[in-house]
Amino acid sequence: MTASSSDPVSARRSLRHWVLIPAAGVGRRFGAAVPKQYLSLAGRPVIDHAIAAFIDHPAIAGCVVVLGESDGWWADTSGYANHPRVHRAPGGAERCHSVRNGLDLLAGLADEQDWVLVHDAARPCLRRTDLDLLLDTLQREPVGALLAVPIADTVKRGSGGRIDATVPRADLWRAYTPQAFQLGLLRRALDHADASDLVVTDDASAVELLGERPVLVEGHADNIKITRPEDLPLAEFHLAQQQNAGSGTVD
Ligand code: CTP
Ligand code: MG
């Protein structure tokens with residue numbers, strides 16, 4: 001029997017997927033003269049690796065990059081600066097504000113129910129297999145999903161440089177990106193967080209504040225976010241490993 005268009009599962013399958021790349025940070029913890037998303041990694045800027053993971057994927061309709069006000073690098077550095085399916089939006093004070101601005105731009109291109117995959121510009125090692133796993137999950141999980149990795153280390157809570165408690169790690173995950181939500185829901189969630197004066201550090205947190213429970217999709221731990229200088233050679237190593245294994249993101 002052919003699935004009818006009133007079947008909610010087949011209806012979800014026809015929704016488009018967009019990518020939103022917040023890239024308006026200054027990389028304070030990294031401490032380079034250039035924001036870390038523009039540093040060179042295996043021959044091209046970090047942000048280009050992030051975009052490359054999506055842009056030629058058949059499920060991706062287009063991409064919005066969110067750039068800082070004083071960004072003097074994008075136009076001259078990125079190989080995607082003139083790409084017809086890469087659009088630009090202005091950054092905000094915190095990541096959540098940058099994402100919110102990107103959603104405003106997307107609202108002119110996308111439907112309320114379309115999926116938005118938010119992915120950090122500073123995360124250049126996303127594997128195609130992990131992206132596909134996430135996209136597959138969205139077909140049956142309308143509340144949204146994110147890539148995440150179970151915590152491997154023992155976790156301590158501390159104050160004043162001393163341990164207060166050991167936190168059982170069995171249920172703890174590191175939240176990675178992409179994090180995927182329907183445009184309308186994510187916009188409502190970020191507005192709600194903002195109205196509550198909360199600065200959320202990822203998109204799922206905002207959706208959680210609405211009482212929803214996004215799905216944790218276990219991805220690979222090499223999908224690191226470049227945060228400090230030692231992360232850059234690590235990302236280069238991961239990319240080389242992925243290339244050798246034939247699952248690289250470089251097109
Ligand atoms: N980001 C953004 N707008 C901001 C802050 C961050 O778009 N106002 C983006 C960053 O460019 C990055 C992602 O959000 O791609 C994750 O943020 P983070 O790793 O914290 O990057 P920075 O804020 O640049 O780094 P730092 O916090 O060390 O300054
Ligand atoms: Mg930051």
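Guide: Please keep in mind that this is a predicted model. We can start with P229, which touches R29 and F30 when residues up to four places away in sequence are not counted.

Visitor: OK, and where does P229 lie?

Guide: P229 lies in a loop, namely the one between β11 (215–218) and α8 (231–245).

Visitor: How far apart are P229 and E94?

Guide: In sequence P229 and E94 are 135 residues apart, while in space the distance from C-alpha to C-alpha is 21 Å.

Visitor: New topic: how many aromatic pairs does the structure hold?

Guide: The structure holds one aromatic pair. Its partners are Y38 and W73, whose ring centres are 5.9 Å apart and whose planes meet at 25°, so the pair is stacked.

Visitor: Which parts does that pair tie together?

Guide: Y38 is in the loop between β1 (17–23) and β2 (40–41), and W73 is in the loop between β4 (60–67) and α3 (74–77), so the pair ties together parts that are 35 residues apart in sequence.

Visitor: And Y38, buried or exposed?

Guide: Y38 is buried, with a relative accessible area of 7%, whereas W73 is partly exposed, with 29%.

Visitor: One last thing, what sits over the ring of Y176?

Guide: That is the charged end of R123, which sits 4.9 Å from the centre of the Y176 ring.

Notes:
Residues numbered from 1 in each chain as written. Chains lettered and ligands numbered in written order. Predicted model: local features only at pLDDT ≥ 70, side-chain atom pairs only at ≥ 80, totals over all residues. Heavy atoms only, no water. Helix = DSSP H or I, 4+ residues; strand = E, 2+ residues; numbered from the N terminus. Contact = heavy atoms within 4.5 Å. Phe/Tyr/Trp six-rings, centres within 6.5 Å; stacked < 30°, edge-to-face > 60°. Buried < 20%, exposed > 50% of the residue type's maximum accessible area, 1.4 Å probe, protein only. Lys NZ or Arg CZ within 6 Å of the ring centre and 35° of its normal.
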